[in-house]
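Below are my notes on this model, as numbered points. Please read them with the structure open.

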Amino acid sequence: MGPLEKVLAVFRDTGKLGRDVAHWEVIPPRPAVFGPWPDNLHPEVARLFAERGIPQLYSHQSRAIEATLSGEHVVVVTPTASGKTLCYNIPVLHRVCLNPEARALYIFPTKALSQDQMVELHSISERLDRDIKVFTFDGDTPPNARKAIRNSGHIVVTNPDMLHSGILPHHTNWIKLFENLETIVIDEVHQYRGIFGSHMANVLRRLKRICAFHGVNPRFICCSATIANPKELVEELVGEAFTLIGESGAPSGEKHVVFYNPPVVNAELGIRASSIKAASRIAARLITEGAQTIVFARSRKRVEVITTYLRRILRRLREDADQIQGYRGGYLPLERREIERGVKSGKIRGVVSTNALELGIDIGQLEAAVLAGYPGTIASTWQQGGRAGRRATTSLVVVVMNSSPMDQYLAHHPEFFFGSSPEHGILNPDNLFILAAHLKCGAFEIPFEEGERFGDANVKPILDYLDGERIVRLKNGRYYYSSDRYPAEEVSLRTADPCNFVILNLSKSNQVLGEVDFASAPEMIHEEAVYLHQTQPYLIERLDWEGRKAYAREAMLDYYTDAVTKRDIRVLALNLEEAVPLAQEADLSASQVPVAEDVEDEIQVKFAQQREKVLGAKTRDVDNVIFLAPRESARLTEPSDRLGSHCWGEVSVSTLVTKYKKIRFETHENVGYGEVHLPEQELQTEAYWITFEDWLEEVLKVKGLSLGGAIRALGSALASAAPLHVMCDPRDIRCVPMVKSPFVEKATIYLYDYYPGGVGISRKVFETRARIWRSVYSLVAECSCGKGCPACVGPPVEVGSTGKASALELLKELVRPVGN
């Protein structure tokens, strides 16, 4: 029995790990499907790969290369380790063999991935009897090497940040590249979503303008993980029509995917045993049995914690603890390269990583992957799990769930994960803030013609505004950049607002400790806030709001701080609205008032007395619920044909941090308050919101329930369920429940994009609302807690003792088909 089979046997044993296995999926092995080498491929390229042990192509490689050589833009969407790299390397080498002056630009989302791909390209190009130069151009490139790269690089490998700030603004120094640019490769396209994707779309608009200026029209070859809308996403990103290659011909071995749900340790609060400790124990078992394993954690801190736990376990077992290594951002590049080599060679038997190793960095194929918590998207889960399994061998992926609603939903609904991907990559390149920032960059690079379009956007009004602000100048029908500032430096591709706050360490001569984005600054680094960095508490002594600096000092504290925030939402424009119809046989309606059996006796007595005297109604018992059916003249409110309304539009969110709480570590008790005096922040963005009719309050009250509790509970559950469907980070959105919204004067739940101008997340929530609300219903209804817990609607202290029950009453109507 091999090492993996021994561990699988432990998972099957219901007396051991098996009792907490929520789902076990066995994905059968798949044979290879081959395709022909294109007839018009340069013979030297075909010979090179045959010598490298690749005598024939997989079907998706053959189709992709054929389409690219025919002049089409191509996007390849196949699993991890399916050989997507050949889909672009072969056409690029083909073009360089045909034309020694041909150039290609490779864009990877991270520097590490760029470096890894350059090594692969070097090994290939050296075997060709041609002088093909491959270079990486990023922030680590020495200044003395940059001129040689600009003049002689056939293939330039870079990342979006360097393209944005180091290549496009200086395109006149890159004439050799741009005048001969034939191919642009964009890998890991699914990473370009949300704010990052919206920026990237504008960077590519600028790249295409520069290509047109230099008289070239390059082909795009893109690769993506499996998502619901890869073709739509890449076409919006690049602004061209693409051919989709989505059927993989690569073989794969048998793969076991196990959802492990740690046992409940507090049933009342719905808290489960630590997913970090569970992941550490499972990984240790795999490693000690001889299976080379990778563990993925969701933060740098968790990487260090799990690495520590694993080394302690191995020392207790008298095993070599040095065969366990952590891998994350913050390590020196040479240190990371050494770890990568150690994993690839097999010297390192266990590596613990953030998502830094999720992308296509070559570390070989391991036997097992353990994920400490759901990574946040199905695409990321498959990419991380894809690190385990050689093409002809059995592999194991263990997803260790935590107590969060997202993880618990997947534990109870594995079909959501294993079915067709419901995740949509979303971006909004025409976000006003992002678009204006890149127009400045574009004008710096090449003046805009009056009437010129930028992608699909009519940018004349924005350019006219910039002209009025003296940032550009309109002269002879062209907009020239006229400011003395370097615009690319002011644009961060990871945020819509470039004004980050810098945290300086007073204990170490104002050494830079870290950065906080503008939106988070009032809550995280107000004066007297406790800022945690690598578990070390720092006390913020002074905040220079205008200078965007916070001054912190190391402190020995037994508490952390939690900001108290007041948010107001004002609707600026209602763009879309659709009623939530009331089902014909609804349990909740203005003319049917249900009263649960467990409400207080006096309520039942009161209505029993009214039955004949006031309403003249007949009482009927249906499914343990007493219905009092009043006559038309005795309804509690005016009749309504709707439960509420789904809406989408533009909102203004005012946020004011008023005070902070001091929370003691371990016990989490409140040990004090403090005042915060900072200006109110305003965010104009897009939002989805749902309103509920006023009559529901009386209906729920009669049933012993609360509309306010229902709204708070639904807001918490909606914020957890929405990221499952719209492929965003939970931090990209905010959900605000209001018992009485000033805009509509009704109970309302707002979900808004946490970026200026919005990036399309709330719009996608509006469009997929039926599926999302069904997920919310399943999340709440199937949770075993009594009155609410962190895994569904939040604890009772936040939503009230009847919050969960009240939310379920509304959810039944939200998901009930109309007419039933």
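1. The side chains of Arg130 and Glu44 are joined by a polar contact of 2.9 Å. A polar contact is a pair of N or O atoms within 3.5 Å; within protein, one must be able to donate a hydrogen and the other to accept it, and residues adjacent in sequence count only if both atoms are side-chain atoms.

2. This is a predicted model, in which local features need pLDDT of at least 70 and side-chain atom pairs count only at pLDDT 80 or more, while totals for chains, interfaces and linings use all residues. Residues are numbered from 1 along each chain as its sequence is written, and side-chain values use heavy atoms, with hydrogens and water left out.

3. Arg130 sits in the loop between α5 (111-125) and β6 (134-136); helices (H or I, at least four residues) and strands (E, at least two) are DSSP runs, numbered from the N terminus. Its relative accessibility is 28%, so Arg130 counts as partly exposed (buried is under 20% relative accessible area, exposed over 50%, partly exposed in between; 1.4 Å probe, protein chains only).

4. Leaving aside residues up to four places away in sequence, Arg130 touches His42, Glu44, Cys97 and Ser125, where contact means heavy atoms within 4.5 Å. A polar atom of the Arg130 side chain lies 3.5 Å from the backbone oxygen of Cys97.

5. Helix α15 (residues 405-412) is largely enclosed by the rest of the structure, because seven of its eight residues are buried. Among them are Met406, Tyr409 and Leu410.
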